[in-house]
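Hi,

Here is the structure I promised to pass on. Have a look at it first, and then read on for what turned up.

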Amino acid sequence: MSTASPRPGGADRLADAASVVVEDLHKSYGSLDVLKGISLGVEAGQVVCLIGPSGSGKSTLLRCVNLLETPQRGRITIGDVEVTDPEADVDRIRRHVGMVFQQFNLFPHLSALENCTVAQVKVLKRERAEAERIARANLERVGLAEKAGSHPGQLSGGQQQRVAIARALSMNPSLMLFDEPTSALDPETVGDVLAIMRDLAAEGMTMLVVTHEMEFARDVADKVVFMDGGVVVEEGPAAELIGRPREARTQAFLSRVLNPTHVRAPEH
């Protein structure tokens, strides 16, 4: 890894280099230490899934990557831009980073189409006709072309989450962050959202995903990172970590969320 510090503010260069490097990241709220020196890497085009019990710091880490939370210490680099540099242009950086939340965060007074165009027009300064063309293409991509005129209140939870993904994709991100995107969905709608994420992974989108969907992590992720208590306990190839975890804490967690027969203790 190069020791040269990236130049701040040049976020336009993110479009061609969506790797992520997190180094010794610390985040606390008062006396509560949430992240205790997290370090991890995501190569361009990789899918990395963060797993672990609730309260382990996964969502906080994701929010730090998008600078929705400011870490007290450590460094985050996306491409060759150090986004934690005090001089970095956060707004420009976020143009290249799409984020999908647990609770959709759609504007309730806007249609699905309008939800997917407003940031394009206001942030990217696209002409409205071009923004609508891109939005319609992405709504079709997530299977909701016929719902372009519907408001969020007229859509199911799964449909709202698919609109949220279309909205993020309409900004042409080079990195997608997913914060437990299926946790608020009914079981029958989870598959539709995961199918879209599988397609994005197959297309080479760089993705950092907080998830409790172990089958998705095992089948789609290039790497899985197990967090607990604000630290990275174990990381490795998805099939290896989920199928044959080395650490006792990882084994205990997976034994609770998987059929125990899917997890075997390592041979000695």
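**Cores and charged pairs**

In this predicted model, the largest nonpolar core has 48 residues, and the ones that touch the most other members are Leu 139, Ile 165, Phe 178, Met 207 and Val 224. Helix α6 (residues 187-202) gives this core its largest share, seven residues. There is also another core apart from it, made of 30 residues, including Leu 25, Val 48, Leu 50 and Val 97.

Now for the charges. The count of salt bridges comes to 13. One of them pairs the side chains of Arg 75 and Glu 82, at 3.6 Å from N to O, and both Arg 75 and Glu 82 are buried.

Another salt bridge joins the side chains of Asp 219 and Arg 198 (3.9 Å, N to O). Asp 219 sits in helix α7 (residues 214-220) and Arg 198 in helix α6, so this pair ties together parts 21 residues apart in sequence. Asp 219 is partly exposed, at 46% relative accessibility, and Arg 198 counts as partly exposed too, at 32%.

Then there is Glu 235 with Lys 223, whose closest N and O atoms are 3.3 Å apart. Glu 235 belongs to strand β10 (residues 231-236) and Lys 223 to strand β9 (residues 223-228), twelve residues apart. Lys 223 is buried at 15% relative accessibility, whereas Glu 235, at 29%, is partly exposed.

Finally, salt bridges with shared partners join Glu 23, Arg 75 and Glu 82 into one network.

Cheers

Key: Residues are numbered from 1 along each chain as its sequence is written. This is a predicted model: local features need pLDDT of at least 70, side-chain atom pairs count only at pLDDT 80 or more; totals for chains, interfaces and linings use all residues. Side-chain values use heavy atoms; hydrogens and water are left out. A nonpolar core is a set of buried Ala, Val, Leu, Ile, Met, Phe, Trp, Tyr and Cys residues joined through side-chain atoms within 4.5 Å. Buried means under 20% relative accessible area, exposed over 50%, partly exposed in between (1.4 Å probe, protein chains only). Helices (H or I, at least four residues) and strands (E, at least two) are DSSP runs, numbered from the N terminus. A salt bridge is a side-chain nitrogen of Lys or Arg within 4 Å of a carboxyl oxygen of Asp or Glu.
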